[in-house]
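These are my notebook entries on one structure. I set down what I looked up, entry by entry.

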Amino acid sequence: MTNLTKDFFYSLSQNKLLNESAKKWGFKFGADKFVAGTDLNSVTRTIKKLNRYGISGTVDNLGEFVSDREEAMRTTNNIIRLLNRINEENLDCHVSVKLTQLGLDIDEQFCIDNMRKIMEAASKFGIFVNIDMEDYSRYEQTLRILQTLREEFENVGTVMQAYLYRAEEDLEQLKDVRIRLVKGAYKESEAVAYQSKAEIDRNYLKLAKKRLLGDAFTSIATHDHNIINELKAFIKENNISHDKFEFQMLYGFRTELQYNLAAEGYRFCTYIPFGTDWFGYYMRRLAERPQNINLIVKDVFYD
Ligand code: FDA
């Protein structure tokens, strides 16, 4: 895929008008393959199905870049409702949140207050909360909020993006924190991030190995079988306990590989997005993977 096509989908993912309009459209362009329904009942069914195969979930009540206080508070309550559901149904899963869905772009303290409400509910039920990492303009704020929350709560962690030059240094500061390691999904400048796949992959492997030799839990989040295979060999060679890490992939991606890794005895966790706010999430997936664009073509011409 050309950089132009990538740029096109990245810019769509951040277009506020389209993100808003898409909430009313229902799923389009094949998004239902990657989003587990619009409501709590649909996502509950998906989690239960995965749990039956020994796969846990990290559930994302979709939403981002919220600029309205009421909406951020509604989202906070929806996430608390999700936590209640996980507890009531004893589902094997935790939650993933984005700080911009909780009002980060409105006011940092307001966002912390919303996060605190979520953390209180999650702590009561013993559920882990992951703060997804968004684009670099929110990176430092996200790490600062994580540190604030960690003064009160243990069950919170975040994501590190291997495309960032500073990832290794920052992971040193996060040695005791549960981390999901990803390559990075946003379009960042070469002032802050590696641009080539080879450099990003090299850094990913370096950081993953360092984490696996450390003490805290790591989620190895990638669909890249070359990386997964190299890490499986590393884990075996170094006798690393399977309790110290898990593999993670997105719902709808490489499903067979997900089931295979779980069947081989690795801890496996699927990232499960749900809700009406699917547009930005889906456009980023299209920017990453050209093959998915076929789904749009099928949806537009054959549905
Ligand atoms: P990449 O896209 O580089 O693919 C590598 C190779 O793997 C491909 O060349 C192909 O051979 C194979 N492959 C990949 N997908 C395939 C498919 N569907 N079918 C067949 N082969 C395939 N990002 C972020 O910035 N913040 C975040 O919080 C998160 N959170 C997150 C959670 C989880 C669970 C995952 C898996 C990913 C994220 N990401 C993320 C996204 C992440 O940063 C990254 O953009 C995508 O995972 C794409 O990179 P990959 O590592 O999957 O491989």
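Entry 1: I began with helix H6 (residues 139-150), which lies across strand S3 (129-131) and S4. H6 runs at about 155 degrees to S4. I took angles from 0 to 180 degrees between N-to-C directions, with axes as lines fitted to C-alpha atoms, for helices over the stretch in contact. Two residues are in contact if their C-beta atoms, placed from the backbone, lie within 7 Å. Helices (H or I, at least four residues) and strands (E, at least two) are DSSP runs, numbered from the N terminus.

I noted the ground rules: this is a predicted model, in which local features need pLDDT of at least 70, side-chain atom pairs count only at pLDDT 80 or more, and totals for chains, interfaces and linings use all residues. Residues are numbered from 1 along each chain as its sequence is written.

**Entry 2: the barrel.** I followed the strands and found a closed barrel of eight, S1-S2-S3-S4-S5-S6-S7-S8, with parallel pairing. Neighbouring strands of this sheet are turned by 30 degrees against each other on average, direction ignored. Helix H3 (residues 40-52) packs on the sheet and touches strand S1 (55-61), strand S2 (93-97) and strand S8 (268-274). The direction of H3 makes about 160 degrees with that of S1.

I then looked up single pairs; two strands pair if DSSP finds at least two bridges between them. S1 and S8 are parallel over seven bridges, and Ile 55 has Phe 268 in S8 as its bridge partner. Four bridges join S1 to S2, where Asp 60 is partnered by Ser 96 of S2. S4 and S5 pair in the parallel sense over four bridges, and Gln 161 has Val 182 in S5 as its partner.

Is S1 mostly covered or mostly open? I found six of its seven residues buried. A residue is buried if 20 or more other C-beta atoms lie within 10 Å of its own, exposed if 12 or fewer, and partly exposed in between, with C-beta atoms placed from the backbone.

**Entry 3: the ligand.** I counted 23 residues around the ligand, the closest being Asp 132, Val 182, Ala 185, Thr 222 and His 223. The cut-off for being near is a C-beta atom, placed from the backbone, within 6 Å. Which strand gives the most to this shell? S7 does, with three residues. By class, the shell has ten nonpolar, six polar and seven charged residues. Ala, Val, Leu, Ile, Met, Phe, Trp, Tyr, Cys and Pro count as nonpolar, Asp, Glu, Lys and Arg as charged, and the others, Gly among them, as polar.

**Entry 4: the core.** The largest nonpolar core has 72 residues; Val 59, Ile 118, Leu 181, Ile 272, Trp 278 and Tyr 282 touch the most other members. Such a core is a set of buried Ala, Val, Leu, Ile, Met, Phe, Trp, Tyr and Cys residues joined through C-beta atoms within 7 Å. Leaving aside neighbours within four places in sequence, Trp 278 is in contact with Ala 22, Phe 27, Ala 31, Val 35 and Leu 62.

**Entry 5: two asparagines.** I recorded a positive phi of about 55 degrees for Asn 90, although it is not a glycine. Asn 90 is in the loop between H4 and S2, and is exposed because it has 7 other C-beta atoms within 10 Å. Asn 239 also has a positive phi of about 55 degrees. Its place is the loop between helix H9 (225-237) and S7. Asn 239 has 6 C-beta neighbours inside 10 Å and therefore counts as exposed.
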